[in-house]
Structures are given as structure tokens and as C-alpha cells.
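Please examine the structure shown below together with its sequence. The paragraphs after it are meant to be read with both in view.

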Amino acid sequence: MTAESTTHTPPATSALLTTVGNKIRTMRKEKGMTLAQLSEITGLSPAIVSQIERGLANPSFTTLAQLAHGLDIPVGKFFIGQPDTKSPVVRKHERRNLVGVTKKSMGEAVYELLTPELNGGALEAQWIETPPGHDTSATPFRHSGEEFGIILAGRKDIYLDGECHSLEAGDSITFSSDIPHWYKNSYEEVCVAIWVNAPHAW
């Protein structure tokens, strides 16, 4: 996990981290879970979970995904403040950014929501851009549902229970999300992909 002190964090970002932390704590308590129980389920240390809940750490998207899986909710529920829309259309400039970075950010992965509803429906699609060196092997994903991904540009290695599947532009993959899986961009160009979860896992 990448967790940074919020000492020099811009006020807007600090407010977002506080909001996300409060949301995590509230959902954990609503489910009757102790901090130790959430820590055990997610594989994160109690100290890190506590810091995130108090808005004192800047968690990576992978860490937020682990917390969302532990709470059995889509990760988008952590991000509030943008009104839900009933329109079936999501314009490019209106995509919800699940990481808090923009396409102009260097050295960061981009996760943007392509589906309009965070809380409704069984389908959730994301636009994902991963820079060279991006690697989630330290925190493999495993959750209920099924996934489909297609590479639009670049290349990416998808590991399913340790078996590597190398995909390039035009290639797609479908697998059960219950299989431990992680992703790695070992190449020299940004990988652009569309990823679909059903039911939504984030």
C-alpha cells in the first residue's frame, strides 16, 4: 500500500481523505465489524486501517479496493459529493475518477468509471490507464463475481492464480473474480484498457 502523511496535502485533498475515512468507519460499524476484523479480512495492518479511517493517510487505489472488498461494497461508495445521475450516458469529461488523479498525472494509474450508477445495477465498467512499471502483485485481488477486460492500447500481464496471460491491443480476457488475480505493466508504454465487473466489485 502507498500511504502518505497528509501534512502537506492540499486542503481539498485532505477534506476528501477525511470524508473517505469517515465513510469507511461508518460502513464498518454498520456491519458490526471491529477494526481488527476488517484488518484481518483485508490483510492491512490495524494501524493503517485506523490512519485511513481518521483521514491521516493517503491510500492507493489498490488499498481502497481491498477495503471495499472487505466491506463487500463497490469502491465508488467511498467517493461522495458528486450527484448521482439517472442518465444512461456518461460523457468523457464527466467520468468519475476513482483515484483522484487526472490523465495529466505522471506515473499514476487512472481508474475512471464508465457506468453512470455507483449503487445500482449489477454491471460496472472502468476505463483504466496503467503506466510502465504498474504492479499490483503485492496485494492480489479476490472477490465474488466475474470480470472481462479488453486492451485498447499497449500491453498488460494478467496473472490468474500465478499463471501469466500477456495481452496486447485487441486481446480480451474473461475470468472468475474468485481466482486470486493481479496486474502488471512490464512494458515501455502506457496500457489503456476497459474492464468490466459483474456484479460490480468496486
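The account begins with the overall architecture, then takes up the helices and finally the strands.

The model is a predicted one. The protein comprises four helices and nine strands. Read from the N terminus, the order of elements is α-α-α-α-β-β-β-β-β-β-β-β-β. Of the 202 residues in the protein, 44% are buried. The protein exposes about 10,300 Å², and carbon and sulfur atoms supply 52% of that area. Sequence separation gives a further view of the fold: among contacts between residues at least 6 apart in sequence, 64% join residues at least 24 apart.

Within the helical part, helix α1 spans residues 11-30 and includes R28. Is R28 buried or exposed? The relative accessible area of R28 is 8%, and buried means under 20%, so R28 counts as buried. Its surroundings can be listed as well. With neighbours within four places in sequence set aside, R28 is in contact with M33, T34, L35, L38, E53 and L71.

One of these contacts of R28, L38, is among the buried residues of helix α2, which covers residues 35-42. The buried residues of α2 are L38, S39 and T42. These residues lie on the same side of α2, because they cover an arc of only 105° around the axis. In general terms, an α-helix has 3.6 residues a turn, so residues three or four places apart point the same way. The face of α2 turned away from the buried side bears the exposed residues E40 and I41. Just after α2 comes G43, which takes a positive phi of about 80°.

Helix α4, residues 61-71, presents another case. How many of the 11 residues of α4 are buried? The count is 11 of the 11, so α4 is largely enclosed by the rest of the structure. The buried residues of α4 include F61, L64, L67 and L71, along with Q66 and H69. L71, buried in α4, is also one of the residues in contact with R28.

The strands come next. Strands of a sheet pair through backbone hydrogen bonds, either parallel or antiparallel. A particular pair can be located here: the bridge partner of Y159 in β8 is W182.

Further pairings involve strand β4, residues 146-153. Which strands does β4 pair with in the antiparallel sense? One is β7 (residues 172-176), joined to β4 over five bridges. The other named here is β9 (residues 191-198), joined to β4 by seven bridges and running antiparallel to it. Two residues of β4 show where these strands meet. E147 stands opposite F175 in β7, and F148 stands opposite V196 in β9.

The two parts can now be traced in turn on the model. Among the helices, α4 has 11 of its 11 residues buried, whereas α2 has a buried side and, turned away from it, a face with exposed residues.

Terms used
Residues numbered from 1 in each chain as written. Predicted model: local features only at pLDDT ≥ 70, side-chain atom pairs only at ≥ 80, totals over all residues. Heavy atoms only, no water. Pairing = 2+ DSSP bridges. Buried < 20%, exposed > 50% of the residue type's maximum accessible area, 1.4 Å probe, protein only. Arc of directions from axis to C-beta. Contact = heavy atoms within 4.5 Å. Areas by Shrake-Rupley, 256 points an atom, 1.4 Å probe, with all protein chains shown as cover.
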